Amino acid sequence: MDITNASTAPVSASDPAPDAGSAAPAPAPLALALVVASDREGRFAPVVTDWFRSRLAERADFTVTVVDLADIDLPTALSYDPSPAVRAELAKVTPVLEAADAYVVVTPEYNHSFPASLKNLIDRHYTEWQAKPVGFVSYGGISGGLRAVEQLRQVYAEMHAVTVRDTVSFHHAHGLFDADGRHKDPAAAEGAAKTLLDQLGWWGRALKDAKSVRPYGA
């Protein structure tokens with residue numbers, strides 16, 4: 001093979017040598033919407049949510065906006081032409097969901113399923129969820145909310161979202177935290193949270209990069 005015509009840039013002795021210690025700048029954090037599903041009176045959701053937010057506070061790869069459905073008053077009757085009052089409520093959440101690169105849903109389990117408030121939020125949005133990853137933090141009795149999570153995977157698949165495999169689940173949740181909301185034995189839960197967020201970050205970055213090259217076509 002004739003390599004005499006290969007295009008190579010001449011190297012001058014005055015050219016600076018590459019800095020072997022330099023690294024590419026860290027990517028911008030992913031925008032994470034943390035959806036608190038329960039709007040039940042006397043709910044346990046704030047304890048679980050605050051614990052998970054403490055895990056997020058130690059990460060530089062996410063910025064977090066909380067969407068607490070107890071603060072949103074959305075009727076269950078769906079409409080293609082919502083009233084001004086409903087539009088005002090949607091204005092509290094829709095821009096957050098649209099801007100998010102990834103989601104984590106904090107959900108209890110009610111009667112082997114997830115809260116109606118969450119289904120209402122999901123059904124009122126479509127493109128906002130598409131080609132984005134969703135992680136789950138669940139709590140409940142013996143199942144730790146995992147039956148609710150498995151149903152949510154089917155719902156989010158219809159929304160063209162990607163649900164990450166690993167979850168954080170709290171079995172018999174009320175007995176796991178002290179009166180100040182601190183987990184009594186946090187090692188396993190902290191490990192699960194790290195795994196979930198690592199997977200969510202990978203999928204969030206991969207999907208965001210892919211969409212920057214080619215828009216997602218549902």
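## Conventions and model confidence

A residue is called buried under 20% relative accessible area, exposed over 50% and partly exposed in between, using a 1.4 Å probe and protein chains only. The model is predicted, so local features need pLDDT of at least 70, side-chain atom pairs count only at pLDDT 80 or more, and totals for chains, interfaces and linings use all residues. Residues are numbered from 1 along each chain as its sequence is written, and side-chain values use heavy atoms, with hydrogens and water left out.

The protein chain has an average pLDDT (the predictor's confidence in each residue, from 0 to 100) of 91, and 89% of the residues score at least 70. Over residues 1-14, pLDDT stays under 50, and the model has one contact beyond four places in sequence for this stretch; contact means heavy atoms within 4.5 Å. Where pLDDT is low, the predicted coordinates should not be read in detail.

## Aromatic pairs

Eight aromatic pairs are present in the structure. Rings of Phe, Tyr and Trp (its six-membered ring) pair if their centres lie within 6.5 Å; planes under 30 degrees apart count as stacked, over 60 as edge-to-face and the rest as tilted. Trp51 and Phe170 form an edge-to-face pair, because their ring centres are 5.3 Å apart and their planes stand at 85°. This pair links distant parts of the chain, with Trp51 in helix α1 (residues 45-56) and Phe170 in strand β6 (residues 168-171), 119 residues apart. Helices (H or I, at least four residues) and strands (E, at least two) are DSSP runs, numbered from the N terminus. Trp51 is buried at 6% relative accessible area, and Phe170 is buried at 1%.

The rings of Trp202 and Trp203 are also edge-to-face, with centres 5.1 Å apart and planes at 80°. Trp202 is exposed at 55% relative accessibility, whereas Trp203 is partly exposed at 33%.

## Cluster and charges over rings

One aromatic cluster is formed by Phe44, Trp51, Tyr139, Phe170 and Phe177. Arg55 lies over the face of Trp51, 5.9 Å from the ring centre, and Arg40 lies over the face of Tyr110, at 4.6 Å. The criterion is that NZ of Lys or CZ of Arg is within 6 Å of the ring centre and within 35 degrees of the ring normal.

## Helix packing

Helix α3 (residues 116-123) and helix α4 (residues 146-158) have axes that come within 11 Å and cross at roughly 10°. Axes are lines fitted to C-alpha atoms, for helices over the stretch in contact, with angles from 0 to 180 degrees between N-to-C directions. The two helices α3 and α4 are therefore roughly parallel; angles under 35 degrees count as such, over 145 as roughly antiparallel, 65 to 115 as roughly perpendicular and the rest as oblique. Leu118, Lys119 and Ile122 of α3 make the contact with Leu152, Val155 and Tyr156 of α4.
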